[in-house]
Each structure stands twice: as structure tokens, then as C-alpha cells.
Amino acid sequence: MKRDYTTVLQLTDLHLFADPAGLFNHINTRDSFAKVLSHIHQHYERPDIIIITGDMAHDGATETYRFIAESLKTFSAPVHYVLGNHDHPENADQAYPLEWVTTSNHCLLSDWQIILVDSNNHPMPDSYEGEVSHAELQRIKALIAQHPDKSTVIAMHHNLPDHNDRGINFEVRNHQQVMQCFEQLPAIKLVISGHVHQEFMIVQQGICYLSTPATGYQSLSKSKCITNDAPGYRWLKLYPNGRFETDVRRTNIWAS
Ligand SMILES: [Fe+2]
């Protein structure tokens, strides 16, 4: 039977290295990434679209971006991405686009559109904060005006409301301005992000703001203890009329 929804797989904060032995906060992120992909293959249907919300290559190497592409080829689904604060834009540009990895920051579906937003405007040294430029906000408004019949997902690396419980500013520096802008655009149903390496959901003014666990290192808890949470990923099911379902899966949830 034909499905009436589109499945979107969100992966985030891979922090991979060209060196297979590379560690990020004592985690071999390549091993962890491989376990996540294997978990998806074993336990879930094939995604229609894959969205990566940044921090793909911790070492920023072109070879690492190529490795990510090769790893995702088996899904036979188009891959869209935004870059995170740890990424290297020029080296990503060396690796992409490929036949299955697009550099397009817009994905048009039958009932929905996904707008991939750069949240790395004006990066500041030693800051985890992001920023969304005026030009990006104008682009979002224009796309929504151009496709008035479609519901919208925004995908970005940094967070809009505070998705962190450690007292560090991880969100977008101009988040108030961006959120006020989004609240004037009822087509926006969902904002998906990464960056905090934790799962959060905040619903505000009819918009669902989500952050998703990393495929590798999971952030410390509020008490600064190492969390026992396993690496994970997010599914979205986008139905007609703006309805959606979403869920986070972690590699230790389903025993194989
Ligand atoms: Fe990250």
C-alpha cells in the first residue's frame, strides 16, 4: 500500500575523523557512527530523505566528508546537510555535491518543504553560540511565500530556545529575533537541530523545537556526570495537512 507520509532520518554531530582510530571525548566516533547506521538498517524502514544537522567532520578533512558520503550511500536516499561550528566549509565543498549528497539548502516535497538554514553567521572564537543572518531569514520568508500550500521544517545546527541544561550558551545569538520571525510564519511546524548532543523538545507558539542526540559523544548531564545515554538519531514522519510524528531511537533500545 502506498504510504501517505515521507520519512526523514536526522543524523547529527558525527564528529568523525579521517583516522579510523580518532577519538572525540574518549569515544571512537567512527565505531559509534557505524553502530548507529547498522541499527537503522536493522530496525527501521528506509528513509526517503536524510538530513545531517552539522558537526560532521571533527577534523574538518575532505577525506572525512567523503567517508561520510560513502557510509550513507547504502540508504539510497538523498542526503542534505548543514554545517556545524566544527565543520570546515571549504573542505566540505571539495567533497560535495555527489550524486546522492546535495549541497541544496532546500528540499521540496509534495506537502512539505524542508529549509536548511546556516546558523554559523559571524562565528566568535571560544563561543558555542550561533547566529542566523538577515539574508537567511529573508530566504525563509520568500520560500514560504512561494509555497503557501506546504508545511515547513527548518533544519539548523544550533538551537533556538535553550536546549542545554549545563549553563552554557549553545543557542543562536539572535534567537529572540529568529523565533519572533518564525512565529509570524504559521507554515513552520518544526525546527530540528543538533549541537547540544542531547535530546530536547520544546513547544512554543505552535512550533516544535527539537534537538537530537549525537551519533557519538553524548553531552554531560546537568551535574556534569557522563551520561549513560547511547548514541542516537531521529525519525520524522511528515503527513499531509501539516501533521507529523517524531521519535528518537538509541542504539541500545532495540536488542538485535
Ligand atoms: Fe557537536
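Analyst: Let's begin with burial, which is a neighbour count: a residue is buried if 20 or more other C-beta atoms, placed from the backbone, lie within 10 Å of its own, exposed if 12 or fewer, and partly exposed in between. H122 has 11 C-beta neighbours inside 10 Å, so H122 counts as exposed. One caution: this is a predicted model, where local features need pLDDT of at least 70 and side-chain atom pairs count only at pLDDT 80 or more, while totals for chains, interfaces and linings use all residues. Residues are numbered from 1 along each chain as its sequence is written.

User: Where is H122 found, and what is its phi?

Analyst: The background first: most residues other than glycine have a negative phi, and most peptide bonds are trans. H122 isn't a glycine, yet its phi is positive, about 50 degrees. You'll find H122 in the loop between β7 (112-116) and α4. Those labels come from DSSP runs numbered from the N terminus, with helices as H or I of at least four residues and strands as E of at least two.

User: Is D13 buried or exposed?

Analyst: Buried: D13 has 30 C-beta neighbours inside 10 Å. D13 is also a non-glycine residue with a positive phi, near 55 degrees, and sits in the loop between β1 and β2 (23-24).

User: Which peptide bond is cis?

Analyst: Look at the bond from Y96 to P97, which is cis with omega near 10 degrees. P97 belongs to the loop between α3 and β6.

User: Zooming out, how many helices and strands does the protein have?

Analyst: Five helices and 13 strands. The radius of gyration is 17 Å, close to the 18 Å that the globule rule gives for 256 residues, so the protein is as compact as a globular protein of that length. Buried residues make up 42% of the 256.

User: Which strands form the open sheets?

Analyst: Strands count as paired if DSSP finds at least two bridges between them. By contrast, β10 and β11 (residues 207-211) are antiparallel, joined by five bridges. Their hairpin has two residues between the strands, and Q205 there takes a positive phi near 50 degrees.

The other case is an open sheet of five strands, ordered β5-β4-β1-β12-β13, again with mixed pairing. Here β5 (79-82) and β13 (244-250) are at the edges with a single partner strand each, so one side of each lacks a neighbour in the sheet. β4 (residues 49-53) and β5 are parallel, with four bridges, and T53 stands opposite V82.

User: Which residues of helix α5 are buried?

Analyst: In α5 (residues 175-183), H175, V178 and F182 are buried. Seen down the axis, they fall within an arc of 65 degrees (taken from the directions from the helix axis to the C-beta atoms), so they line one face of α5. Q176 and Q180 are exposed on the other side. The cover over the buried residues includes α4 (134-146), β9 and β11.

In α2 (residues 62-72), the buried set is T64, Y65, F67, I68 and L72. Their arc is 155 degrees, so these too line one face. They pack against β4, β5 and α3 (89-95).

User: Which residues have the most contacts inside the largest nonpolar core?

Analyst: In soluble globular proteins, nonpolar side chains tend to be buried together. A core here means buried Ala, Val, Leu, Ile, Met, Phe, Trp, Tyr and Cys residues joined through C-beta atoms within 7 Å. The largest has 50 residues, and L16, M56, V117, I154, A155 and V191 have the most contacts inside it. Contact in general uses backbone-placed C-beta atoms within 7 Å. Leaving aside neighbours within four places in sequence, M56 contacts L14, L16, Y65, I68, Y81 and D87.

Key. Rg over C-alpha atoms; globule rule 2.2 N^0.38 Å. Contact = placed C-beta atoms within 7 Å.
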